[in-house]
Amino acid sequence: MSMHGVGSHSGSSAAGGASGSNDGPPQGGTAPVMRAPRTRPRIQSIIPCCVNQLLTATLVDDVFKVRGIAVSQVSIVGIIRKAERAPNCVLYKIDDMTTKPIDARHWLGRGRAKQELTPCPVGVYAKVFGALRGSEEVKILEVLQIRVLEDMNELTSHILETVNAHMIRAKVQEAACGPSAPVAPPEVNQATEYGEAHPKLIQEEVLRLIHECPRQEGKSIRELQMELGSLSIEAIKEVLEYLMVEGHIYPTVDGEHFKSAD
């Protein structure tokens, strides 16, 4: 019986691609399907944020943005106010005191669906990595990883990283769009956004450095900027002004050196 027509697609070899090759599929079989290589999903950078930024983020074309900057995967640090076990997840409320607590949901993976997932204890500081989901009105943080802080210096570090990350992205956005385009507010506002809600965090770190300086003329702004490299001179001056108004520090030989009032 003639098998004319079978293997008619063998005009090119899978191995060499030469025309007229006899390396066709076996009789009665089907030609192998050539699949394009699967592209790996792009790994998005994790942006440190405060809860206030997440809850006030705007939804533009299904993408959450903070002051025009797209945020997808984020990290926050705050106190666990609630940890409740549900059938398929653990529900948290994370409070960093910049606004009301944000709801966070840690799903059980398929491989551990029947295993016990012990929630983190309530009342401790935790660092949360997650993806912001929801709508303009209702937002939730889908937890990718959560861990209890072992060193409280991580809290101060996260705040400084948050200020620095959004400051850099705002400058990149300004450079890309040009000076005439609307851009994010200056870095001073980035610092005070976190600082106003945390008067004992950024301000306390600056106050500690001033208090520990043994020199009679006190700590200079340049020295503070070197030790707090994540903050700009303008942001540090904003913090210094706040501390002077509150009576925590005072200027000494000039307007560039300060000592603790304690």
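This is a predicted model: local features need pLDDT of at least 70, side-chain atom pairs count only at pLDDT 80 or more; totals for chains, interfaces and linings use all residues.
Residues are numbered from 1 along each chain as its sequence is written, and side-chain values use heavy atoms, with hydrogens and water left out.

**The overall picture**

- You're looking at six helices and twelve strands; helices (H or I, at least four residues) and strands (E, at least two) are DSSP runs, numbered from the N terminus.
- Out of 262 residues, 39% count as buried (buried is under 20% relative accessible area, exposed is over 50%, and partly exposed is in between, with a 1.4 Å probe and protein chains only).
- Take the contacts between residues at least 6 apart in sequence: 58% of them join residues at least 24 apart (a contact means heavy atoms within 4.5 Å).

**Strand S5 and its partners**

- S5 (residues 73-85) pairs with S1 (residues 47-48) in the parallel sense, over two bridges; strands count as paired if DSSP finds at least two bridges between them.
- Within that pairing, Ile47 has Val74 of S5 as its bridge partner.
- Val74 also has a bridge partner in S8, namely Gly130; S5 and S8 (residues 125-134) pair in the antiparallel sense over seven bridges.
- S5 pairs with S6 (residues 89-95) too, antiparallel and over six bridges.
- For a couple of landmarks there, Ile79 stands opposite Asp95, and Ile80 stands opposite Ile94.
- The link from S5 to S6 is a hairpin that goes through three residues.

**On from S6 to S7**

- S6 is mostly covered, with five of its seven residues buried.
- Six bridges join S6 to S7 (residues 102-107), and these two strands run antiparallel.
- Lys93 has Asp103 in S7 as its bridge partner.
- S6 and S7 make a hairpin with six residues between them, and Met97 in the turn has a positive phi of about 70°.

**The S10-S12-S11 sheet**

- This is an open sheet of three strands, in the order S10-S12-S11, with antiparallel pairing.
- S10 and S11 (249-251) stand at the edges with a single partner strand each, so one side of each has no neighbour in the sheet.
- S10 and S12 (residues 257-260) are joined by two bridges and run antiparallel.
- H6 packs on the sheet, where it touches S11 and S12, and its direction makes about 110° with that of S11 (angles run from 0 to 180 degrees between N-to-C directions, and axes are lines fitted to C-alpha atoms, for helices over the stretch in contact).
- H4 lies across S10, S11 and S12, and runs at about 90° to S12.

**Lys219, a lysine under cover**

- Lys219 sits in S10 (residues 219-220), and its bridge partner in S12 is Phe258.
- Is Lys219 buried or exposed? Its relative accessibility is 10%, so Lys219 counts as buried.
- Leaving aside neighbours within four places in sequence, the contacts of Lys219 include Leu209, Ile210, Cys213, Glu227, Glu256 and Phe258.
- Cys213 is itself buried, at 8% relative accessible area.

**Helices H4 and H6**

- H4 (residues 202-211) is mostly covered, with seven of its ten residues buried; among them are Ile202, Val206, Leu209 and Ile210.
- The axes of H4 and H6 (residues 233-245) come within 10 Å and cross at roughly 80°.
- That makes H4 and H6 roughly perpendicular to each other (under 35 degrees counts as roughly parallel, over 145 as roughly antiparallel, 65 to 115 as roughly perpendicular, and the rest as oblique).
- Where they meet, H4 brings Ile202, Gln203, Val206, Leu207 and Ile210, while H6 brings Val239, Leu240, Tyr242 and Leu243.

**Cysteines**

- The disulfide count is zero, where a disulfide is a pair of cysteine sulfur atoms within 2.5 Å.
- Cys49 is in no disulfide, and the nearest cysteine sulfur, that of Cys50, is 7.1 Å away.
- Cys49 is buried, with a relative accessible area of 0%.
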